[in-house]
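I opened a notebook page for this structure and listed a few things to look up. The entries follow in the order in which I made them.

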Amino acid sequence: MNDYFYAMSKKDLKLYLRELSKKQLEEQITDLYTRFKEVKEFYDFAFNPKENKLMEECKMKISNEYFPVGRRKKAKMRRSVAQKYIRHFNRLGVEPSLVADIMFYHIEIAQTYSSEQHIKQEAFYKAMLKAFGDAIEYVDEQGIRKEFKSRIQQIADEAKVQNWMNKLGFESLINR
């Protein structure tokens, strides 16, 4: 695919855009909005951010991975569902503390599930440790770790209480 298209640099794009009239720019952006779902979502969110509704929907889908509602009885426990939302929220420019909230919520709901159901798969514990490390790295990068300090400690403590096989990994991530 790359053989057929010229990869325009940001500088080239800016030069091209400067040459367009305001009307031509409006037409192009309207065309992009109509053609591409991602562009439409970006502009819809930029002008009407309904973050609370987005957060509720996200938390409901993550919860449903562990505590299914409806006909499905078995939990799927897919980390990818939370990851998909986190990437989507970052693309939209959602407030970092809300993104971090989702990151920690995912681990907390998984811990709630594991407190009720014994999980044998080592992959589950590895995935949760990875998610925890990613969440800590994110709050550190955003400068908001202090805001999440108690939740971070509670997650590490819960891993210890439930005797997770990698409980020491959780503790070491707090102290880095």
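**Entry 1: Ile155**

I began with Ile155, which counts as buried because its relative accessibility is 1%, and buried means under 20%. I note here that the model is predicted. Ile155 lies in helix H8.

I then asked which residues Ile155 touches, not counting those up to four places away in sequence. I found Phe104, Ile107, Glu108, Gln111, Phe132 and Phe170. I also looked up Ile155 against Tyr105: the two are 50 residues apart in sequence, and their C-alpha atoms are 9.9 Å apart in space.

**Entry 2: helix H8**

Next I checked the length of H8. Its 13 residues should span 18 Å at 1.5 Å a residue, and the C-alpha atoms at its ends are 18 Å apart, so the two values agree.

Which residues of H8 are buried? I noted Arg151, Ile152, Ile155, Ala156 and Ala159. Looking down the axis of H8, I see these buried residues fall within an arc of 135°, so they line one face of the helix. The face turned away from the buried side carries the exposed residues Lys149, Ser150, Gln154 and Val161.

I also wanted to know what the buried residues of H8 pack against. The partners are helix H6 (96-116), H7 and H9.

**Entry 3: after H8**

H8 is followed by Asn163, which I found in the loop between H8 and H9. Asn163 has a positive phi of about 55°, although it is not a glycine. Is Asn163 buried or exposed? At 52% relative accessibility, Asn163 counts as exposed, because the cut-off for exposed is over 50%.

I noted a second residue with a positive phi that is not a glycine: Met77, near 55°. Met77 is in the loop between H4 and helix H5 (79-92).

**Entry 4: helix H9**

I went on to H9, where Gly169, Phe170, Leu173 and Ile174 are buried. They cover an arc of only 140° around the axis, so they are on the same side of H9. The buried residues of H9 pack against H7 and helix H8 (149-161).

**Entry 5: Leu129**

Leu129 is in helix H7. I looked up its accessibility: at 22%, Leu129 counts as partly exposed. What is Leu129 in contact with, leaving aside its neighbours within four places in sequence? The residues are Asn166, Gly169, Phe170 and Leu173. Among them, Gly169, Phe170 and Leu173 are buried residues of H9.

I also looked up Leu129 against Ala156. They are 27 residues apart in sequence and 9.7 Å apart in space, C-alpha to C-alpha.

**Entry 6: aromatic rings**

How many aromatic pairs does a search of the whole structure find? The search finds nine. I took one of them, Phe132 and Phe170: the ring centres are 5.0 Å apart and the planes are at 35°, so the pair is tilted. The angle falls in the tilted class because stacked needs under 30 degrees and edge-to-face over 60.

This pair links distant parts of the chain, with Phe132 in helix H7 (residues 122-142) and Phe170 in helix H9 (residues 167-174), 38 residues apart. Phe132 is buried, with a relative accessible area of 0%. Phe170 also counts as buried, at 0% relative accessibility. Both Phe132 and Phe170 were already on my list of residues that Ile155 touches.

I then noted one aromatic cluster, formed by Phe124, Tyr125, Phe132, Trp164 and Phe170.

My last entry is on Tyr105 and what is found around it. Ser63 is in helix H4 (residues 51-66) and counts as buried, at 16% relative accessibility. Ser63 touches Tyr105 and Ile109, not counting residues up to four places away in sequence. Which kind of contact does the side chain of Ser63 make with the side chain of Tyr105? It is a polar contact, at 2.4 Å.

I also looked up Lys59. The charged end of Lys59 sits over the ring of Tyr105, 5.1 Å from the ring centre.

How values were computed: Residues are numbered from 1 along each chain as its sequence is written. This is a predicted model: local features need pLDDT of at least 70, side-chain atom pairs count only at pLDDT 80 or more; totals for chains, interfaces and linings use all residues. Side-chain values use heavy atoms; hydrogens and water are left out. Rings of Phe, Tyr and Trp (its six-membered ring) pair if their centres lie within 6.5 Å; planes under 30 degrees apart count as stacked, over 60 as edge-to-face and the rest as tilted. Helices (H or I, at least four residues) and strands (E, at least two) are DSSP runs, numbered from the N terminus. Buried means under 20% relative accessible area, exposed over 50%, partly exposed in between (1.4 Å probe, protein chains only). A charge sits over a ring if NZ of Lys or CZ of Arg is within 6 Å of the ring centre and within 35 degrees of the ring normal. A polar contact is a pair of N or O atoms within 3.5 Å; within protein, one must be able to donate a hydrogen and the other to accept it, and residues adjacent in sequence count only if both atoms are side-chain atoms. Contact means heavy atoms within 4.5 Å. The arc is that of the directions from the helix axis to the C-beta atoms. The expected span of a helix is 1.5 Å times one less than its number of residues.
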